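The notes below are grouped by topic.

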Amino acid sequence: MITFLKETNTFFLENERVTYAFGIRNGELEHLWFGAKIGHDDLTYLRTGIGSGCDAGLPGRYSPNHHSQELPVYGQGDFREPMLTWRGENGDLCAELRYVSHRIVPQQKTPGMPSTFGGETLEVVMLDAIQGIEVTLLYTLFDDVDAITRSCRIRNVGEQTVRLTRAYSFALDLTVAAPEAISLQGAWARERTPERVPLHHGVWSIDSKRVTSSSQLNPFVALVEKDTTENAGSAWGVSLVYSSSYRLFAEVGPNGRTRIGGGINDFAFDWTLCPEETLATPEVILAYSAEGLGGMSRIFHDTLRRHLITPRYVGASRPVVINNWEATYFHFDKEKLFAIIDASAGTGIDTFVLDDGWFGKRDDDHSGLGDWFVNTQKLEGGLNPIIDRCHERGLKFGLWFEPEMVNPDSDLYRAHPDWAIHAPGHALCEGRNQCVLDLTRPEVRDYIVGAVSDILSNHEIDYVKWDYNRNITEVYSEGLPADRQGEFAHRYALGLYDICERLVFGFPNVFFEGCASGGARFDPAILYYFPQIWTSDNSDAYARTQIQWGTSLCYPLSAMSCHVSVCPNHQTRRITPLKTRADIAHLGATGYELNVSHMKPEELEQIPAQIADYRAMEQLVMEGDLWRLASPFDSNLFAFELVSKDKSEAHVTLMHVLRTSNNAVEMLRLGGLEPDAVYECVGDGARYHGSTLMNVGLLVPTNRLVDFETLVWHFKKI
Ligand code: GLA
């Protein structure tokens, strides 16, 4: 519920567990509380009053540097990080925003951008009458998840042109100090590794300047207290619904409070706002849990599944694919593909996905991107013989695209060299021998939509894997005037969303999976279009326990595409049992990525049972609550537990990493069960009370488990 208390001029956004409160003081907005639910009290006593003689503020008013801000700007005494900055025509950088009005309305989509849905929105209008800038802050509250979202619209209501130099989505000063930050750092094949660091006075930040959300630092941060653990303590999560260059920061101020904020990266950013123009910022999801990181993750999972991902995919059974990439790389012909299709038939695998190499002149990664017509030299008769073979064998057909890219060695580049992103006079940087198409230009977007639509309209295609394999370096567009080049990175995101909107929603019967050189664009904005994303090119089962653990801090298992691949693994050379690879791949949208036609019969025979096991637990993967039980980063075990929302079913997957000798037994305590209910283990029929499983735990027979061996338990309430 969203309430405005006139007596104290305070907004309370609250559900059963969480309150977000801020007030209007002298026309400015003062942040009061974001955390566990509290009463509707007068919170002005929270002002710290700590400052130094050198601080400043308007006559008769407090110095904004001493108090918690809800919309921090620069120029009137707050010396910490602002949320918005702009310069008027005379170069004036001072902002003076004052409350005008507010209203509560049903949530609306952010124009041109992915955003959550299904909530109630508070809009607060603020005005800088001197510079002619109106800022509307938007807060969305959901009844069923402990998250709120924020974004803002900046509108030029004056007569002068204004240059926005920072347009973040949010900022607020947490009332409780949150002294540590957790981010998800990584690289190709090592995406989203949690990193926990102490904050310090001054600014800590993460960002991307790659025009993508990146595998290096995901647009996610958790702020925690020193004693916050997986299952206890406060955790504030921040997840930006954005796929381009971003920045998130945390700043501990002189009064010990922590300001958090961020949005579009203001590095190299500069947006010209002419009279009557509006810039909308991306949405940010803010979650609060008193139940540690696990509680915070479950809030994000529910928020993304219930309020962001296309509803018809939530809870629905997903395709179990066989992808030919690691089986053949670029070196395939019809016969090799037929062999894979034939071997997959009848195993439970239901979709064959033809990866990179089917189009243009594409025998390796030096040429062909952009030429989205079938290479009939390689695939005689085109795609239809393959599609027909799939259908004859009871499989659906999926296809790989990398729509945003072009190779200099391609017909598209030869016809339109200026469509590749480049800066005048500068040499082109190389990245996998390809360039990125300039999605800020409408004619480029039209070409991409037309070319991909032609293939999709003229073939029976059920599934698309949408890849993106390099970062943008020459941040420049020939389609923009010199004074708008600072808009490039955000305009690229808007262009991407435009082509996704037209292709994904234009072909509603095609299932789209996201991918970016593994998991380099794994963010909520992409999830809005693609209900699942290839998590990493590293499909080694042990490496995946870490990658999937880190990814799960923010993203639900239903978002993670996870495949069983061959051993020795192509990325790590590690050998793990086939059962292990399947058990770990089942903790996401599962599939296969190996040459099934080369598998030994005794291995191939295991696939039907593996897929049957997966289907039996699939609803828990798609909709269940995740409990992270044992961390592969700081123990010799990895364990995830999935619990159905009604607590009638639970699935536990454990990996024992390395065998040691004669070591102690370990107990694995479960979470999220009904204490008084009795649960029966499917298979051995053992019965335990929920309280026993949660307090005493399962016995992990470490002495009999070998390297990388997995165990699974499936419990049903009786
Ligand atoms: C990226 C993807 C892979 C595969 C190749 C094809 O690396 O992550 O899964 O599709 O591109 O070139």
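The side chain of Ser536 reaches the backbone nitrogen of Asn538 at 2.9 Å. The model is predicted. Ser536 sits in the loop between strand E28 (532-534) and helix H9, and the chain is assigned to domain 1 (2-307), domain 2 (313-621) and domain 3 (630-717).

**Ser536 and its surroundings**

- Ser536 has a relative accessible area of 0%, so the residue counts as buried.
- A polar contact of 2.6 Å joins the side chain of Ser536 to the side chain of Glu191.
- Leaving aside residues up to four places away in sequence, Ser536 touches Ala189, Arg190, Glu191, Gly518, Gly519, Arg544 and Ile547.

**Interface of domain 2 and domain 3**

- The centres of domain 2 and domain 3, taken over C-alpha atoms, are 34 Å apart.
- In this pairing, 21 residues of domain 2 are in contact with 22 residues of domain 3.
- About 1,800 Å² is buried between domain 2 and domain 3, and carbon and sulfur atoms give 79% of that area.
- Between domain 2 and domain 3 there are zero salt bridges.
- Four residue pairs are in polar contact across the interface of domain 2 and domain 3, with both residues at pLDDT 80 or more.
- On the side of domain 2 that touches domain 3, helix H9 (541-551), helix H10 (578-585) and helix H12 (606-623) each supply at least two residues.
- H9 gives the largest share of that side, with six residues.
- The side of domain 2 that touches domain 3 is made up of 12 nonpolar, six polar and three charged residues.

**Helix H10**

- H10 is mostly covered, with seven of its eight residues buried.
- Those buried residues of H10 are Leu578, Thr580, Arg581, Ala582, Asp583, Ile584 and Ala585.

**Val696**

- Val696 is in the loop between helix H13 (690-695) and strand E37 (698-700).
- From C-alpha to C-alpha, Val696 and Leu670 are 8.8 Å apart in space, while 26 residues apart in sequence.
- Val696 touches Met667, Arg669 and Ser691, not counting residues up to four places away in sequence.

**Salt bridges**

- The model has a count of 49 salt bridges.
- One of them joins the side chains of Glu81 and Arg247 at 3.0 Å, N to O.
- Glu81 lies in the loop between strand E4 (28-36) and strand E5 (84-87), and Arg247 in strand E16 (residues 246-252), so this pair ties together parts that are 166 residues apart in sequence.
- Glu81 is buried at 14% relative accessibility, and Arg247 is buried at 11%.
- Arg521 and Glu404 meet through their side chains in a salt bridge of 2.7 Å, N to O.
- Because Arg521 is in the loop between strand E27 (511-514) and helix H8 (524-529) and Glu404 in the loop between strand E23 (396-401) and strand E24 (405-406), the pair ties together parts that are 117 residues apart in sequence.
- Arg521 and Glu404 are both buried.
- Lys717 and Glu674 form a salt bridge in which the closest N and O atoms are 2.9 Å apart.
- Lys717 belongs to strand E38 (residues 709-717) and Glu674 to the loop between strand E34 (666-668) and strand E35 (678-681), so the pair ties together parts that are 43 residues apart in sequence.
- Lys717 is partly exposed at 34% relative accessible area, and Glu674 is partly exposed at 29%.
- A network of salt bridges links Asp144, Asp302, Arg305, Arg306, Asp625 and Lys645.

Key:
Residues numbered from 1 in each chain as written. Predicted model: local features only at pLDDT ≥ 70, side-chain atom pairs only at ≥ 80, totals over all residues. Heavy atoms only, no water. Domains from an automatic or database assignment. Contact = heavy atoms within 4.5 Å. Buried area = accessible area lost by both parts, 1.4 Å probe. Salt bridge = Lys/Arg side-chain N within 4 Å of Asp/Glu carboxyl O. Polar contact = N/O pair within 3.5 Å; in protein donor to acceptor, adjacent residues only side chain to side chain. Helix = DSSP H or I, 4+ residues; strand = E, 2+ residues; numbered from the N terminus. Nonpolar A, V, L, I, M, F, W, Y, C, P; charged D, E, K, R; others polar. Buried < 20%, exposed > 50% of the residue type's maximum accessible area, 1.4 Å probe, protein only.
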